[in-house]
Amino acid sequence: VWAGTFHSFGLEILKREYKKADLPERFGVIGSSDAQGILKDLVGEHHDYEKQRLNHELLMNKISDFRSRGRLSAHDKLPESIAAEILAPKYRRRLKALGVVDFDELLNRPLELMQDAEFLKRIQDRFDYVMVDEFQDTNTVQMKLVDQISGGHQNLAVVGDDDQSIYGWRGAEIQNILNFPKRYKTCEVIRLERNYRSTSHILN
């Protein structure tokens, strides 16, 4: 049994398949502060962007969005959006040169590996049953991973509450849970409508 977060799952896959993922055997995983440091260096190499005084946190979010979708989800004319399309490929090449991955890569790299039919079959055969908790908080990339891993057998159970979706600002896609019965047409929906934690006795 494998149990963990999406990111720990991706990390385990990359550790086992580091050659296939074109990573060094002892690749590093960088946090947000190190990722911001790399981004600042890239911005500094583009004097036009440096003069614009871009919001680095927003730019990082835009780059993350671009990498997960292959495009920006919001078509706006913010300077951060324009810069993200140019800097996203350079950011990824810089990670590769340093022999590290960031949190986005922990999900995107395994998905890229799964484009190989033989590798995907091995993953699907390895996991006969898949369960995802807090499903209302999954994002687009995580939904793609779920689809790929369970695609061969669709032995999939998800647990979630659309009323508790609070991570939209962090990329959570509420449609993942709302559209699940359409996506997996043979699924059975079981509603747990009695709240045992908020009985009048406890509330009183």
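## Aspartate 133

Aspartate 133 is found in the loop that runs between strand S3 (130-132) and helix H8 (140-150). Helices (H or I, at least four residues) and strands (E, at least two) are DSSP runs, numbered from the N terminus. The model is predicted: local features need pLDDT of at least 70, side-chain atom pairs count only at pLDDT 80 or more, and totals for chains, interfaces and linings use all residues. Residues are numbered from 1 along each chain as its sequence is written, and side-chain values use heavy atoms, with hydrogens and water left out.

Aspartate 133 has a relative accessibility of 47%, so it counts as partly exposed. Buried means under 20% relative accessible area, exposed over 50%, and partly exposed in between (1.4 Å probe, protein chains only). Between the C-alpha atoms of aspartate 133 and valine 158 the separation is 5.9 Å, although these residues are 25 apart along the chain.

## Helix H6

Helix H6 (residues 105-113) is largely enclosed by the rest of the structure, because eight of its nine residues are buried. Among the buried residues of H6 are Glu105, Arg109 and Pro110.

## The lining of the second largest pocket

A pocket is an open set of points on a 1 Å grid over the protein atoms alone, where a 1.4 Å probe fits, with protein on both sides within 12 Å along at least five of seven lines; lining residues have an atom within 4 Å of a point. The second largest pocket is lined by 30 residues, and those nearest its centre are Val159, Gly160, Asp161, Ile190 and Leu192. Strand S4 (156-158) gives the largest share of this lining, three residues.
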